[in-house]
Amino acid sequence: MIRVRQLTQRYGDNRVLRGIDLQVQAGEFVVVLGPSGAGKSTLLRCMNRLAQADSGELVIAGIDAMRRDHQRQLRRQVAMIFQHHNVVPRLSVLKNVLTGRLGSVQTLSSVLQLFSRTDVELAMSCLRHVELEHKACARADSLSGGQLQRVGIARALAQRPKVILADEPVASLDPKTARLVMQYLRDATRQLGITVVCNLHQVDLACEFADRIVGLAHGRLVFDGGPQALDEAALARIYATADPLTAADVGALPAPVQWMTEGAA
């Protein structure tokens, strides 16, 4: 489903991705861990062509994501969930979810926001998936942060993608709501067969929900395995950094690794 070979990306003199090799199977839930600046967000942005990788191979759902002329085709198959929701506050919840259909409707219908009955029924089904059907007519700016993120998931599902990329989707949520949002994302893989690649800082959530965990450090892949293999040695490789760990980074680590990093924050 996703094949990455020797992917590189730099911003000026800063080498953000340094030859990433990764393969993700259809229907797999993969969590990417790593400290701030490790290249997690850049990797996802390259997958959706929000950023252009400098070199390497990147194939998603059979589409060559390195080619600019494949961008529209790629974005029909790849949905994105952002940390800060990216909803339109003045629109209703239902209309926000329907924006996930814009890539599949004709240009005039897209401009006029005209959607078929089939699209509306699909959007309502996606809202039921995240238990927000009762909020369909509410303005988006009347919802809580956790509800807005669930709207983002419903919008992604309405796109009918083969892949969902989630960039720190629970960073601003309380632990209970974060776990709920992660559950909805995992349900997408289990029930709908959608491949999910999700960036996280929370190690505990990664171990609870991921089929597989990938660790990045300094733009390199330093861990790739199941949650049960994410031991102290693996975490030390992921979070071993030349820069001092932030308090948020240390707080996300299990207790034994927090002890190992005392004084670094």
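Which residue in S8 is the bridge partner of alanine 166? In this predicted model, the partner is cysteine 198. Residues are numbered from 1 along each chain as its sequence is written, and side-chain values use heavy atoms, with hydrogens and water left out. Local features need pLDDT of at least 70 and side-chain atom pairs count only at pLDDT 80 or more, while totals for chains, interfaces and linings use all residues.

Strand S8 covers residues 195–199 (strands are DSSP E runs of at least two residues, helices H or I runs of at least four, both numbered from the N terminus). Strand S7 (residues 163–167) runs parallel to S8 and is joined to S8 by five bridges. Strand S3 (residues 29–33) also pairs with S8 in the parallel sense, over four bridges; pairing takes at least two DSSP bridges. Here valine 30 sits opposite valine 197 of S8.

Five of the five S8 residues are buried, so the strand is largely enclosed by the rest of the structure. Buried means under 20% relative accessible area, with a 1.4 Å probe and protein chains only. In a regular strand, side chains alternate between the two faces of the sheet. Both faces of S8 are covered, with Thr195, Val197 and Asn199 on one side and Val196 and Cys198 on the other.

Turning to the helices, H5 (residues 117–129) packs against H6 (residues 145–158) at about 135°, with axes 8 Å apart (axes are lines fitted to C-alpha atoms over the stretch in contact, and angles run from 0 to 180 degrees between N-to-C directions). Leu122, Cys126, Leu127 and His129 of H5 meet Ala154, Leu157 and Ala158 of H6, contact meaning heavy atoms within 4.5 Å.

Methods
Buried means under 20% relative accessible area, exposed over 50%, partly exposed in between (1.4 Å probe, protein chains only).
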